[in-house]
Amino acid sequence: MARFVWAMKRAAPWAARNADGAIALILAVVVGVLGIMPDEMFGKEGQDIQRQLVNAATLVILALVATALLRDRLRQAPVERTITSGALAELPVRLARMEQIESLAHSTRRALDALQLVRVLGSRQEIAQSHAEARKDTARWSFKGGTGTYLRAVTLPLCVAAARREKRHLTVRVEVLDPADAEVCETYAHYRRSLSESPDATGETWTTDRVRKESYATILAAFWHRQRYGLLDIAVGLSATMTTFRWDLSSTRLIMTVEDPNMAMTALAGTFYYENCDTELRLSFEQARRVPLEQYKKVPLSDEPTIEEVQELFEHIGMPLPKSYDGRDVVDIARKALRAVDPYGP
C-alpha cells in the first residue's frame, strides 16, 4: 500500500501538468475494456448504453488529443519565434560580422608587416623560404653582391622557368665583381678567407682564381638563359668595389644576406627600407661596367656549352678569358654557370 501511495505521489505532478493527456489515456483504456467485453454481459439496453459510452468517450478522447496538440503548438510557438526571429535571423548578420573581423585582422597584419621596417631571418630555412616568396609571380629581380652563386644556382633558373610557364616578361639586373679586376677579386677572396678558411657549403675555399671564375660563370649564365627565353630582359654590370652584403630585390620584397648562411634581413615592397634599397641598386648598376648582353645572338651556346663556344663568347664581347686558363678552367666556368651548388642547400 505504501508503495502504491508513493507511486501515486510521483505520478500526481506529471498528471497535473498533463491532465488532458492523462484523461485521454484513462478514457482510452476504459473504452478499450468496454469494447472487448462480450455483448451478452450487458443485455439489449446495456448494449445501447455501451455503444453510447464508447462513442462519447471516443469524442472526448479526440477532443483531449486536439487540446493537447494545440497546447503543445502554443508552447512551441514562442520557441520557434525565438529561433527564427532571433538566432537564425541574426545568423547572416553574425556571419557578415565574422567576415569583417577576419578582413580587419588580415588588414591589420598587412599594416603591421608594412610598418615593420626590417625583419631578421635566423636560419637557412627562413632565408630559403623568404627567397621562395620573393620569386613567386615576380616580374623583376635585381641582384648585387659578390659573384652571384645563389643567383645562378636557384634564383635565375627558377624565375626564368616560372616566367616561361606563364609566358610573361621577366626583367633581371645583376651586379657582380669584375673578373678582369684582379685587385677587387683578391680583396673579396681575402675577406671570405678571413671569415673562415674551411670550404663553404659548395665544398670549395675562396681564392682569387675562384672569385674570377664565379663572376665569369655569372656572365655565361646570363647569356645562356637569354638565348633560351625571348621574354627575358637581363643585364649584367661589373663592379670594381666589393660589398659585404648581397641584395636580392623582387617585385614584392627585399632580402639582404651576409656571409653567415643563417642570418639575413628582409623588407616588404612599399616600406621605406625597400624603396631606398631599390634606388641604391639602380644607381649602383648604372655606375658598373656593362656587359654587352645585346650581342647574345652572335655566339650561340649549346645546351652543354663547349670549350670553344665559351672562349669565343668572351672573346666576342671583349672580355677574353685569361691566357693561363686551359680547357679544365673553361669547363669549370661552364659547370659553375649551369650547375652551381646552392650555398643554402642541405
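User: Which residue takes a positive phi just after α5?
Analyst: K167, with a phi of about 55° just after α5. Helices (H or I, at least four residues) and strands (E, at least two) are DSSP runs numbered from the N terminus. The model is predicted, with local features needing pLDDT of at least 70 and side-chain atom pairs 80 or more, while totals for chains, interfaces and linings use all residues. Residues are numbered from 1 along each chain as its sequence is written, and side-chain values use heavy atoms, leaving out hydrogens and water.

User: Where is K167, and is K167 buried or exposed?
Analyst: K167 lies in the loop between α5 and β3. It counts as exposed because its relative accessibility is 69%; exposed means over 50%, buried under 20%, partly exposed in between (1.4 Å probe, protein chains only).

User: What about D137, what is its phi?
Analyst: D137 has a positive phi of about 60° and is not a glycine. Most residues other than glycine have a negative phi. D137 sits in the loop between α4 and β2, and is exposed at 54% relative accessible area.

User: Back to α5. What span should α5 have, and how far apart are its ends?
Analyst: Its 18 residues should span 26 Å at 1.5 Å a residue, and the end C-alpha atoms are 26 Å apart, so the two agree. The expected span is 1.5 Å times one less than the number of residues.

User: Where is the kink in α5?
Analyst: At T155, shortly before the proline P157, and it is about 35°. The bend is the angle between axes fitted to the seven residues ending at a residue and the seven starting there.

User: What do the buried residues of α5 pack against?
Analyst: They pack against α4, β2, β3, α7, β4 (232-239) and α10. T155 is one of those buried residues, and others include T149, R152 and C159.

User: Switching to A134. Which residues is it in contact with, sequence neighbours aside?
Analyst: Beyond four places in sequence, A134 is in contact with W141, S250, T252, R253 and I255, where contact means heavy atoms within 4.5 Å. The C-alpha atoms of A134 and T252 are 6.0 Å apart, although 118 residues separate the two along the chain. A134 belongs to helix α4 (residues 124-135) and is buried, with a relative accessible area of 1%.

User: Which residues line the largest cavity?
Analyst: Among them are T149, R152, E204, R210 and K336. α5, α7 (208-228) and α10 (327-338) each supply at least two of the lining residues. By class there are 2 nonpolar, 2 polar and 6 charged (Ala, Val, Leu, Ile, Met, Phe, Trp, Tyr, Cys and Pro are nonpolar; Asp, Glu, Lys and Arg charged; the others, Gly among them, polar).

User: And what is the volume of the largest pocket?
Analyst: About 470 Å³. It has 29 lining residues, with R192, D200, R246, E259 and P343 nearest its centre.

Note on methods: On a 1 Å grid over the protein atoms alone, a cavity is a set of points where a 1.4 Å probe fits but cannot get out, and a pocket is an open set with protein on both sides within 12 Å along at least five of seven lines; lining residues have an atom within 4 Å of a point. Grid points are joined across faces, edges and corners, and a volume is the space filled by probe spheres set on the points.
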